[in-house]
Amino acid sequence: MSKAIKAIEYLIDLFAKLAALLVLILSFLVVYDSISRYFFDGGSVALQELEWHLFDIIFLLGLSYTLKSDKHVRVDIFYTHFTQQTKAIVNIIAQLFLVLPFVLLVLYVSYDYIALSYGQNEISADPGGLCCRYLIKSMMMVGFFLLGIQSFAEVAKNITKLKAGT
């Protein structure tokens with residue numbers, strides 16, 4: 001099981017590095033777009049949509065890394081006072097009854113949404129916007145798939161903690 005967890009977390013780290021690179025690219029695009037818009041009365045609908053799409057990808061790829069790094073939102077007022085065993089139990093319950101069902105719901109619901117977009121060869125409704133809108137919609141499945149496998153890894157890690165008694 002440990003090899004599987006390490007493989008999952010290696011994959012999550014790779015996507016996190018991609019997201020970090022995209023943050024850098026997004027930052028340059030926003031600066032360029034701002035300078036172009038405010039100093040040269042320029043700008044582009046496609047560039048602005050690309051910024052939104054990059055932000056979406058960064059967010060979706062960051063979900064699983066946030067879970068892996070244990071930096072997600074939680075009510076720590078109680079959690080910090082729990083023993084390691086109780087924390088492990090709470091984490092397992094949260095993953096099995098909150099995170100994984102939500103991930104499965106999003107994957108299930110988004111499938112038809114994305115398939116329709118592919119089938120229509122969906123493009124931006126704005127003149128000068130981006131083509132291939134189905135690609136950004138597909139990132140929803142990628143992001144939530146990564147979140148799902150990281151959630152399984154979290155369950156496995158916490159079961160290991162329970163068995164070890166730490």
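Start with the largest pocket, which holds about 350 Å³ of space. A pocket here is worked out on a 1 Å grid over the protein atoms alone, as an open set of points where a 1.4 Å probe fits, with protein on both sides within 12 Å along at least five of seven lines; lining residues have an atom within 4 Å of a point. The volume is the space filled by probe spheres set on those points, which are joined across faces, edges and corners.

Before you click on, a word on the model: it is predicted, so local features need pLDDT of at least 70 and side-chain atom pairs count only at pLDDT 80 or more, while totals for chains, interfaces and linings use all residues. Numbering runs from 1 along each chain as its sequence is written, and side-chain values use heavy atoms, with hydrogens and water left out.

**Stop 1: around the largest pocket**

Select His 72, Val 73, Arg 74, Gln 95 and Val 99: of the 17 lining residues, these lie nearest the centre of the largest pocket. Now colour helix H2 (45-68), helix H3 (76-79) and helix H4 (84-120), the elements that each give two or more residues to this lining. Helices are DSSP runs (H or I, at least four residues), numbered from the N terminus. H4 has the largest share of the lining, six residues. By class, the lining has twelve nonpolar residues, four polar and one charged. (Nonpolar covers Ala, Val, Leu, Ile, Met, Phe, Trp, Tyr, Cys and Pro; charged covers Asp, Glu, Lys and Arg; the others, Gly among them, are polar.)

**Stop 2: the second largest pocket**

Next up is a space of about 200 Å³, the second largest pocket. Pick Asp 70, Asn 91, Glu 154, Asn 158 and Lys 161, the closest to its centre of the 15 residues that line it. H2, H4 and H5 each give two or more residues to this lining, and H4 gives the most, with five. What classes do you find in the lining of the second largest pocket? There are three nonpolar, five polar and seven charged residues.

**Stop 3: H4 against H5**

Show H4 and H5 together: they pack at an angle of about 160 degrees, with axes 8 Å apart. Axes are lines fitted to C-alpha atoms, for helices over the stretch in contact, and angles run from 0 to 180 degrees between N-to-C directions. That angle makes H4 roughly antiparallel to H5 (over 145 degrees; 65 to 115 is roughly perpendicular, under 35 roughly parallel, and the rest oblique). Their contact has 25 nonpolar, nine polar and four charged residues.

**Stop 4: H1 and its partners**

Switch to helix H1 (residues 2-39) and helix H5 (residues 133-164), whose axes are 10 Å apart at an angle of about 140 degrees. That makes H1 oblique to H5. Select Ile 5, Ile 8 and Phe 15, among the H1 residues that meet H5, where the partners include Leu 146, Ile 149 and Ala 153. Contact means heavy atoms within 4.5 Å.
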